[in-house]
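Thanks for making the time this morning.

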Amino acid sequence: MTTAARSFDLNPMIDAVNPGPLYRSAIEEVAESIAPVIEANKKYQDARVFERLLIPDRVIRFRVEWVNDQGGVEVNFGWRVEHTNVLGPYKGGLRFHPSVTEDTLQFLAYEQCFKNALTGQPIGGGKGGSNFDPKGKSDNEVMRFCQAFMRELYRHIGPSVDVPAGDIGVGGREIGFLYGQYMKITKQRDGVLTGKPMGLGGLLGRTEATGYGTVTFAEAMLKHNGQSLDGKRVMISGSGNVALYAAELAIQKGAKVVTMSDSGGSISFDKGMSSEQLKELTELKEVQRGRLKDFGGDGITYHPEARPWSLVDADVALPCATQHEVEKDDAAALVDRGVKCVAEGANMPCTHEARSVFHENGVVFGPGKAANAGGVATSCFEMSQNASHDAWTKERSLDKLHGVMLDIHEQCVEHAPIVNGVVDYGAGADRGGFVKLADAIIAMGV
Ligand code: NDP
């Protein structure tokens with residue numbers, strides 16, 4: 001970290017919180033970006049806003065017990081990290097994945113605060129989830145788990161208090177089961193979760209929002225450099241919600257999608273994925289919940305156990321699977337393969353070292369807290385729709401999403417330093433989000 005060289009040092013404040021490795025890495029990244037802003041603003045130092053943002057308002061941890069199809073009792077952890085509500089109700093997804101720990105959720109909740117601030121919507125930051133693994137579970141098992149999870153979570157959420165959404169392992173099916181249980185327990189149909197199925201008050205366009213937003217952000221970065229997406233070769237990782245809809249909009253914009261992946265491996269497309277192939281892949285992943293190894297077709301090659309980054313030449317990379325899926329060597333491989341622009345659809349898929357490789361090589365890098373903010377912004381539209389008992393059209397949602405993404409891009413450019421002749425969007429996003437949070441914290445008093 002470079003902060004130690006300044007007139008004040010953020011490191012002891014970070015050490016005092018004793019963060020886990022993921023949370024530490026997120027904080028250090030932000031600290032490095034915002035140190036000059038804090039140094040230049042005595043009011044932020046006096047109000048100790050950096051430290052006040054390090055400790056979540058509260059972390060709720062609970063036991064989730066449920067019965068599997070064989071009649072056996074299963075036990076999982078459940079968490080909700082309510083990080084800050086200074087800008088609005090706590091807002092952030094629920095992640096169900098065996099790798100989830102409190103550290104994962106603290107890092108995600110912290111990132112979410114900055115992201116939500118950048119959207120310009122009235123939402124605070126939070127995150128939650130469980131170490132439950134939905135993979136290989138029957139629909140009934142997933143339903144019983146979701147109902148058991150909500151048996152505790154309902155006490156802590158509310159449309160003006162805390163509004164969870166989906167994330168890895170939590171899509172429309174899980175949100176439907178969670179919201180159904182919430183309605184049964186509380187009698188309320190108040191839209192307390194977002195990403196709901198349409199019949200339960202969902203918003204047209206929410207499913208597409210994160211992937212579409214990431215592509216819109218990447219396009220804005222290219223445009224800022226006088227380029228467009230048309231004809232560009234785009235590597236995408238993941239084949240979940242974010243990845244599939246990023247691929248959809250990229251193809252619509254004339255780009256060639258040359259890779260997709262899941263946790264078992266990657267597929268590459270010799271000529272770029274066709275719209276027909278994308279439709280089949282979406283059916284395989286969203287309906288049949290199948291694996292990429294079972295997806296074949298004209299010009300498609302499966303690469304078991306491989307990440308996409310060294311497989312083919314490309315101009316743009318959109319990591320849309322999970323955190324730390326682009327490490328230093330992967331970043332070097334991307335540079336070798338010709339990539340000039342990276343936009344994170346996932347949350348922190350690129351490690352600190354990978355980001356350094358991009359900076360050193362003049363690759364334009366859009367961090368997740370800016371590039372994937374379209375999902376949470378659109379969740380906020382869903383909250384508005386539910387609160388006003390309205391029904392938005394898809395066109396209205398996607399138009400507004402487009403405007404929000406361009407506005408986030410502008411905020412990043414406004415706050416970003418130029419490094420090696422390239423806009424440092426990472427620092428721009430951290431600084432833009434921090435200033436909004438810090439000013440609101442000061443306004444709130446102690
Ligand atoms: P999904 O669960 O729909 O898809 C996740 C994808 O990533 C799957 O293809 C999954 O493969 C793959 N994946 C998960 N873990 C790993 C791993 N350890 N190694 C390799 N591949 C992995 O999740 P989403 O698409 O919703 O989310 C993807 C990312 O985007 C996450 O970081 C999430 O936090 C972030 N995000 C999502 C938003 C949303 O609106 N959905 C909003 C903002 C950010 P497999 O099927 O094999 O597990």
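Arg 63 stands opposite Phe 77, a residue of strand β2. This is a predicted model, in which local features need pLDDT of at least 70 and side-chain atom pairs count only at pLDDT 80 or more, while totals for chains, interfaces and linings use all residues. Residues are numbered from 1 along each chain as its sequence is written, and side-chain values use heavy atoms, with hydrogens and water left out.

Strand β1 (residues 58–67) and strand β2 (residues 73–84) pair in the antiparallel sense over 10 bridges, where pairing requires that DSSP finds at least two bridges between two strands. Helices (H or I, at least four residues) and strands (E, at least two) are DSSP runs, numbered from the N terminus. β1 and β2 form a hairpin with five residues between them, and in the turn Gly 71 has a positive phi of about 90°. On β2 there is a further pairing, again antiparallel, with strand β4 (residues 125–130) over six bridges, and there Thr 84 has Gly 125 of β4 as its bridge partner.

**Helices**

In helix α12 (residues 352–360), the buried residues include Ala 354, Arg 355, Val 357 and Phe 358; buried means under 20% relative accessible area, exposed over 50%, and partly exposed in between, with a 1.4 Å probe and protein chains only. Seen down the axis of α12, its buried residues fall within an arc of 155°, so they line one face of the helix, the arc being that of the directions from the helix axis to the C-beta atoms. What covers these residues of α12? Among the covering elements are α2 (21–40), α11 (328–336), β11 (341–343), β12 (364–366) and α16 (425–444). After α12 comes Gly 362, with a positive phi near 65°.

Gly 211 sits in helix α8 (residues 206–224), and because its relative accessibility is 0%, Gly 211 counts as buried. Leaving aside neighbours within four places in sequence, Gly 211 is in contact with Val 242, Tyr 245 and Ala 246, contact meaning heavy atoms within 4.5 Å. The C-alpha atoms of Gly 211 and Glu 344 are separated by 9.9 Å, although these residues are 133 apart along the chain.

His 409, in helix α15 (residues 394–415), is buried with a relative accessible area of 3%, and beyond its neighbours within four places in sequence, His 409 is in contact with Phe 217, Ala 220, Met 221, His 224 and Tyr 425. His 389, by contrast, is exposed, with a relative accessible area of 74%; it is found in the loop between α14 and α15, and has a positive phi of about 50° although it is not a glycine.

Which helix gives the largest share of the lining? That is helix α14 (residues 374–387), with four residues.
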